Amino acid sequence: MLAFRPVGYIVGWLVLALGFVMFLPLAVDVALGDGNAPGFAEAAVLTIAFGAGLTLACAQAGDLRLGLRQAFALTTVTWMVYPAVGALPFMLGLPGLGPTDAYFEAMSAMTTTGATVITGLDDLPHGILLWRGLLQWIGGMGIVLMALLLLPVLNVGGMQLLRASDFNTLGKIMPRTKQIALSIGSVYLGLTVACAMGYEASGMNGFNAAVHAMTTLSTGGMGTSDSSFAGFSPAAQYVSTVFMLLGSLSFARYVQLARGDAGALWHDTQIRAFLAVYVAFVLGMLVARLAGSARLDETVVREVAFNVASMLSSTGYASADFILWGNPSVMIFFIIMLIGGCSGSTAGGVKVFRYELLFSAVRAELRRLYRPNIVILARYQGRTVSPQVMDSVIAFFMLYFLSLGIIAVVLVLLGLDPMSAITGAASCLGNVGPGLSPEIGPVASYVDVPGAAKWVMSAAMMIGRLEIMVVFVLFSTAYWRG
């Protein structure tokens with residue numbers, strides 16, 4: 001029988017911490033007189049009480065060591081409970097959402113998806129706007145730590161490679177997990193501050209700069225205006241483009257860079273591949289825009305560079321309604337949604353390193369066709385990849401695209417049109433945010449999506465954020481039998 005008390009003990013402490021974080025937006029609402037402080041106060045009290053009660057109840061378990069099976073449960077339970085708790089301020093104060101919409105909004109924020117059901121952002125209390133940013137920032141940090149410290153141990157979708165690269169490399173410098181987490185957190189905070197300073201220098205006020213810095217580094221994309229980034233200056237869009245790309249790179253490499261390894265970023269093949277993919281899609285999109293009669297000027301280049309970075313990094317900001325750019329551009333954006341950023345980053349999607357591994361396996365298999373007696377193994381960053389890792393990667397691809405198809409079919413059955421269903425499924429599973437239809441596109445929200453479909457999309461966000469297999473393993477009878 002699986003012992004759940006160690007899981008409950010850790011979840012309790014995490015919920016307790018989130019309750020105290022609620023005092024930050026509460027203080028902002030009090031200082032600005034927005035009138036939404038009571039909602040945050042009530043949410044904070046309920047959250048702290050729940051977290052403290054869960055921690056105390058599970059502290060009597062005796063042996064609170066976390067085993068492999070508990071680690072799988074902890075990951076999924078945390079990403080289910082945290083959005084439920086994070087939804088309380090949305091329900092108890094302005095904008096006064098119902099349970100379905102509030103959970104959708106909080107799940108979207110925590111998984112750094114960025115899809116929203118809230119309209120009228122420009123008129124919302126500052127505390128709620130800050131809360132959305134904080135949820136994304138906390139979620140982004142949690143995702144990086146999960147990717148570098150937990151998923152490699154769980155052998156999920158090829159992430160075990162990080163045990164032989166990122167994790168071990170960091171371990172030579174900082175042997176303890178706590179030190180690794182503190183170093184990554186320091187880099188994450190430093191880049192966020194740098195982004196905020198860049199936004200301020202580009203003309204944003206302090207509040208907008210702070211919120212957008214949090215949602216940019218977390219590649220989350222929740223902003224403070226219904227127009228997303230269209231209302232900000234060209235300089236702000238350039239700053240955002242740079243930091244969205246930076247948020248898509250491995251934070252383990254940033255730690256190495258900070259420790260004096262000047263070539264840490266460039267020596268990582270997935271980073272080089274990611275940047276090459278970005279440049280290729282920018283050029284391809286510019287060709288598509290020119291074919292659609294657009295003029296090649298600074299505005300067009302900036303819009304393409306910004307929106308391609310936003311979709312490839314799974315941030316989800318929009319500086320223009322790119323659905324109007326024509327069908328070739330929409331098709332390119334759909335392909336971009338299926339790629340994602342680097343492992344160990346805040347970006348969602350399949351991740352570039354998995355495509356590298358898949359193409360390496362394909363090349364090896366093609367060589368075997370005309371040299372059947374040769375022994376060729378797939379390689380990654382100069383190292384031979386074991387068959388077990390390749391099996392894990394192939395299984396990930398199969399489950400990812402199978403999940404995408406099933407979710408899209410279910411969304412059609414729940415009332416969405418096929419374009420909204422397919423692109424909405426890809427967006428939620430890849431934690432991108434906007435879909436590619438007029439109903440849930442870059443200048444629209446998910447407010448009119450049926451309630452049942454919102455629950456399906458919320459589940460898709462969590463499944464995609466937790467690398468598919470972490471969730472699906474819980475449906476195995478062998479897992480529960482132990």
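A residue counts as buried under 20% relative accessible area, as exposed over 50%, and as partly exposed in between. In this predicted model, M91 has a relative accessibility of 33% and is therefore partly exposed. M91 belongs to helix α5, which covers residues 88–92. Together with L46 and L92, M91 makes a nonpolar surface patch of about 230 Å².

P95 itself sits in the loop that links α5 with α6, the latter spanning 99–110. As a rule, most peptide bonds are trans, and most residues other than glycine have a negative phi.

N431 is not a glycine, yet its phi is positive, at about 55°. This asparagine is placed in the loop between α19 (418–429) and α20 (451–465). With a relative accessibility of 0%, N431 falls under the 20% cut-off and so counts as buried.

E467 likewise is no glycine and has a positive phi, here about 60°. Its place is the loop between α20 and α21, where α21 runs over 469–472. The relative accessible area of E467 is 4%, which is under 20%, so this glutamate is buried as well.

How values were computed
Residues are numbered from 1 along each chain as its sequence is written. This is a predicted model: local features need pLDDT of at least 70, side-chain atom pairs count only at pLDDT 80 or more; totals for chains, interfaces and linings use all residues. Side-chain values use heavy atoms; hydrogens and water are left out. Patches are made of residues with over 30% relative accessible area and no salt bridge: like charges are joined within 9 Å, nonpolar side chains (Val, Leu, Ile, Met, Phe, Trp, Tyr) within 5 Å. Accessible areas come from the Shrake-Rupley method with a 1.4 Å probe; for residues, only the protein chains shown count as cover. A salt bridge is a side-chain nitrogen of Lys or Arg within 4 Å of a carboxyl oxygen of Asp or Glu. Helices (H or I, at least four residues) and strands (E, at least two) are DSSP runs, numbered from the N terminus. Buried means under 20% relative accessible area, exposed over 50%, partly exposed in between (1.4 Å probe, protein chains only).
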